[in-house]
Amino acid sequence: MVLNILKSQNIENIVIFICDSLRWDYVPSSVTKRGVLFKTVASSLYTASSFPSIISGLYPPKTGVHTWEDKLSKKFRGLFEIEGYNSSLWCETTWTNVPPDKSDIHNILGNPRGYSLDEIESPFIYIEDDKGGHCPYGYPSGEYMGGGCSEFFKEFGKKGKSKLINQYIKGIEQSVKQFYKREKVLKERGLLENTLIIFSSDHGELLGEYGGLTHHNRPPCPELVYVPTIFIHPSLNKYYSDGSVIRHVDFYPTIASILNKKVLYEQDGVDLTRHTPSVGLNFRFGGYFRSNSKIKNLMKYEASSIWDFQGGHAFHDLNRYKAFSFFFFKIFIQKHPRFNFLRENLKNNPNSKFKDCFKAIDHLSLPHIEYLRPQLSKSTAKELINNYLKESQEYREKMKIKNTIGNLIKKGNITGILKK
Ligand SMILES: [Zn+2]
């Protein structure tokens, strides 16, 4: 248990630096050599559902946060509710059209306060979402020729995959510079000795794989699910935890344990100073926004997957034919901007046009896909996912009943019912 030493270091502050959209295989060595590196299973495939999982220690089926319109229940804001600690959520480079303490992810998480690292008072838990490897790579958010990510991917579809990759690396380099700026602040404040820094990401990024898929959000594949996590503290030497994975859901119980605090509720994660997990789950249910449209709900994208160090099994819930026609429509009829790179890329590669096109749709719609070489069999993978989904449904029903009783007690209705 390499992290166990942190328990005796009188750690007072936690800094979680999320380098958005940083995939496992593109983490710069300048960061990995700084501490203990773990291959990490992201809980979901985009910011809105991954962040609540990091904060709560629960997978998305239990948090119930799947779209930008869902809210994380106050009961599950574990990392923001550690007793005696100031907390901050800071988004300086991601949502540049609003102040750093106000963003869409602030809304989902119940509008936690945001303080810069210069001003937050110790002891604290500071969480930052940095633009990282999010599109448009290497350019300010939403400012790529006025068209943001859509224009960016269209242009790089014409330029080709290798140029896209180089631009992604540039974006990551900028984010690492931002990270060092934060570290400098800690140094100037004399806080490096008593601060644990966790450098990680909320999900990965596709760079034209599987026939030209880009961005994130779907499908659950190694490029999107595996992200790096590096624990940095003067007591930790460079180390790579080869052969095992950790998960987003382990952050809250581990941090609580290092700070000698009790967790407020039962979570899906474990305390990494004592346990080594072997598999992690990932879920992506629905679109970016809630919808009342019957057609949209009928065609709702749902994917669950399970991953060990060597690979994983992904399952799509939508019927194969429905899913195939759905994505064919999105890509070629609706010409959805999400697939700008893919369409431009197909023009560049006329010889493999049909092969690439089917490859992309297959990865978005096949009922089961095995990625790399997982140790788990397909049947065990399916069973573990189904067990978790069943457990989470019961968990949410229990929470609903608890809330209803709590509200009735608050309003005085329960005593009335009991008297009758
Ligand atoms: Zn993100």
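Two housekeeping points. Residues are numbered from 1 along each chain as its sequence is written. Because the model is predicted, local features need pLDDT of at least 70 and side-chain atom pairs count only at pLDDT 80 or more, while totals for chains, interfaces and linings use all residues.

Let's start with the core. The largest nonpolar core has 100 residues. By nonpolar core I mean a set of buried Ala, Val, Leu, Ile, Met, Phe, Trp, Tyr and Cys residues joined through C-beta atoms within 7 Å. Buried means 20 or more other C-beta atoms within 10 Å of the residue's own; exposed means 12 or fewer; partly exposed is in between; C-beta atoms are placed from the backbone. Phe17, Ile55 and Phe199 have the most contacts inside this core. Strand S1, residues 13-19, gives the most to it, with six residues. Helices (H or I, at least four residues) and strands (E, at least two) are DSSP runs, numbered from the N terminus.

What does Phe199 touch, leaving aside its neighbours within four places in sequence? Phe17, Cys19, Val31, Phe179, Ile230 and Ile232. Contact here means C-beta atoms, placed from the backbone, within 7 Å.

Next, helix H2, residues 47-56. 10 of the 10 residues are buried, so H2 is largely enclosed by the rest of the structure. Among them are Phe51, Pro52, Ile54 and Ile55. Serines are in there too, including Ser49 and Ser53. The buried residues of H2 pack against helices H3 (60-63), H4 (104-108) and H9 (251-258), and against S10. Gly57 follows H2, with a positive phi near 80°.

S10 takes us to a sheet. Four strands form an open sheet in the order S10-S11-S12-S13, with antiparallel pairing. Two strands pair if DSSP finds at least two bridges between them. S10 (280-285) and S13 (368-372) are at the edges with a single partner strand each, so one side of each has no neighbour in the sheet. The twist averages 15° from one strand to the next. For that angle, axes are lines fitted to C-alpha atoms, for helices over the stretch in contact, and angles run from 0 to 180 degrees between N-to-C directions. S10 and S11 (residues 302-307) share six antiparallel bridges. Asn282 has Ser305 in S11 as its bridge partner.

Now helix H5, residues 148-159. H5 has 12 residues and reaches 17 Å from its first C-alpha to its last, close to the expected 16 Å. That expected span is 1.5 Å times one less than the number of residues. Which residues of H5 are buried? Cys149, Phe152, Phe153, Phe156 and Gly157. They cover an arc of only 135° around the axis, which puts them on the same side of H5. The arc is taken from the directions from the helix axis to the C-beta atoms. As background, an α-helix has 3.6 residues a turn, so residues three or four places apart point the same way. The buried residues of H5 pack against helix H6 (161-188), strand S7 (213-215) and helix H12 (340-348). Just after H5, Gly160 takes a positive phi of about 110°.

Last stop: strand S3, residues 86-90. Four of its five residues are buried. S3 pairs with S4 (residues 124-130) in the parallel sense, over five bridges. Leu89 stands opposite Ile127 in S4. Tyr115 sits in the loop between H4 and S4. Beyond its neighbours within four places in sequence, Tyr115 is in contact with Ser88 and Ile120.

Technical notes
Two residues are in contact if their C-beta atoms, placed from the backbone, lie within 7 Å.
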